[in-house]
Amino acid sequence: MTNHDALVPPHEPAEDTLAFAGKAALSMVPVLGPLVAETLAHALESRQAQRQHEFNVAIARALTSAIEQLDETTTIEDIVGSDDFIAAVTRAQRAAAETASQQKRQRLAAAVANGGSWAPFAATEREQFTRLVDEFEALHIWLLHYFTDPAGWLQARDLYQQHANIMMGGIDGPLGSAFNVPQKVWDGPVKQAAADLDRNGLASIPLTTTMSAQGIFAPRTLNKGQRFLAFINETESIAADPPAQL
């Protein structure tokens, strides 16, 4: 636990749960409908409160990481007391409540920590990156990682050599190996995600061009894309695994 984790009040639902269990045990009535509804409502409230606490802890940890990168004149009090921080937390909490993805919740927490004037990002970057964290799926993020260094990513998994002798082709062959899919993967969600990255200026990925081996394995993630990865505290691109499902 970091020092900033300690700033988040603990979530302790046990007392309320025991009290409700006792109430339910004593309410032995023939009509179960109201009791079932009340039980469900209590369970939902408890789980929502727990998820909110977990997200607040994630924000605290992301802030710890962010502050370590800033000059010593910026303090935690400066950040949490700013209007930028309150606005970022409000947006992120709403988005975090609507996703079941733990990875996305971590990225939303990072967006809070890097979403204010204290962070080393321009105002226009913060505005766009915050929006993209909410809009992007895991596939978008991984494609940015992969196209930072396609050859390095494949070599780290012993997948490069099977494509090393390519003379001409497209980038979907190595991508198929990355996803462990024998056929082409370029159509559908991968192509759409690549187009999204291109449209937002984060990467320049040719969708249909036949190219040489040098072009197939060329980095395609732009500097803006790398800054976006830094914004969500994900800079270890070689270590990033592709999503389990496309």
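The model is predicted. Helix α7 is largely enclosed by the rest of the structure, because 8 of its 9 residues are buried. Helix α12 spans residues 223-231. The largest pocket has a volume of about 310 Å³.

**Helix α12**

- Gly225, Phe228, Leu229 and Phe231 are the buried residues to look for in α12.
- These residues lie on the same side of α12, because they cover an arc of only 155° around the axis.
- The cover over them includes α5 (102-113), α6 (123-135) and α7 (138-146).
- Just after α12 comes asparagine 233, with a positive phi of about 60°.

**Glutamine 226**

- Glutamine 226 is also part of helix α12.
- Its relative accessible area is 38%, so glutamine 226 counts as partly exposed.
- Leaving aside residues up to four places away in sequence, glutamine 226 touches Thr148 and Thr221.
- Serine 237 is 11 residues from glutamine 226 along the chain, and their C-alpha atoms are separated by 9.5 Å.

**Helix α7**

- The buried residues of α7 are Leu139, His140, Ile141, Trp142, Leu143, Leu144, His145 and Tyr146.

**The largest pocket**

- The largest pocket is lined by 17 residues.
- Closest to its centre are Gln103, Arg107, Ile141, His145 and Glu234.
- Helices α5 and α7 each supply at least two residues of the lining.
- The lining divides into 9 nonpolar, 4 polar and 4 charged residues.

**Aromatic contacts**

- The count of aromatic pairs comes to 12.
- Phenylalanine 129 and phenylalanine 228 form an edge-to-face pair, 5.4 Å centre to centre with 70° between the planes.
- Phenylalanine 129 sits in α6 and phenylalanine 228 in α12, so this pair ties together parts 99 residues apart in sequence.
- Both phenylalanine 129 and phenylalanine 228 are buried.
- Tyrosine 146 and tryptophan 153 are also edge-to-face, because their ring centres are 5.7 Å apart and their planes stand at 70°.
- Tyrosine 146 counts as buried, at 1% relative accessibility.
- Tryptophan 153 is buried too, with a relative accessible area of 1%.
- One aromatic cluster is formed by Phe121, Phe129, Phe136, Phe228 and Phe231.

Technical notes: Residues numbered from 1 in each chain as written. Predicted model: local features only at pLDDT ≥ 70, side-chain atom pairs only at ≥ 80, totals over all residues. Heavy atoms only, no water. Buried < 20%, exposed > 50% of the residue type's maximum accessible area, 1.4 Å probe, protein only. Helix = DSSP H or I, 4+ residues; strand = E, 2+ residues; numbered from the N terminus. Arc of directions from axis to C-beta. Contact = heavy atoms within 4.5 Å. 1 Å grid on protein atoms, 1.4 Å probe; cavity = no way out; pocket = protein on both sides within 12 Å on 5 of 7 lines; lining within 4 Å. Points joined across faces, edges and corners; volume = space filled by probe spheres on them. Nonpolar A, V, L, I, M, F, W, Y, C, P; charged D, E, K, R; others polar. Phe/Tyr/Trp six-rings, centres within 6.5 Å; stacked < 30°, edge-to-face > 60°.
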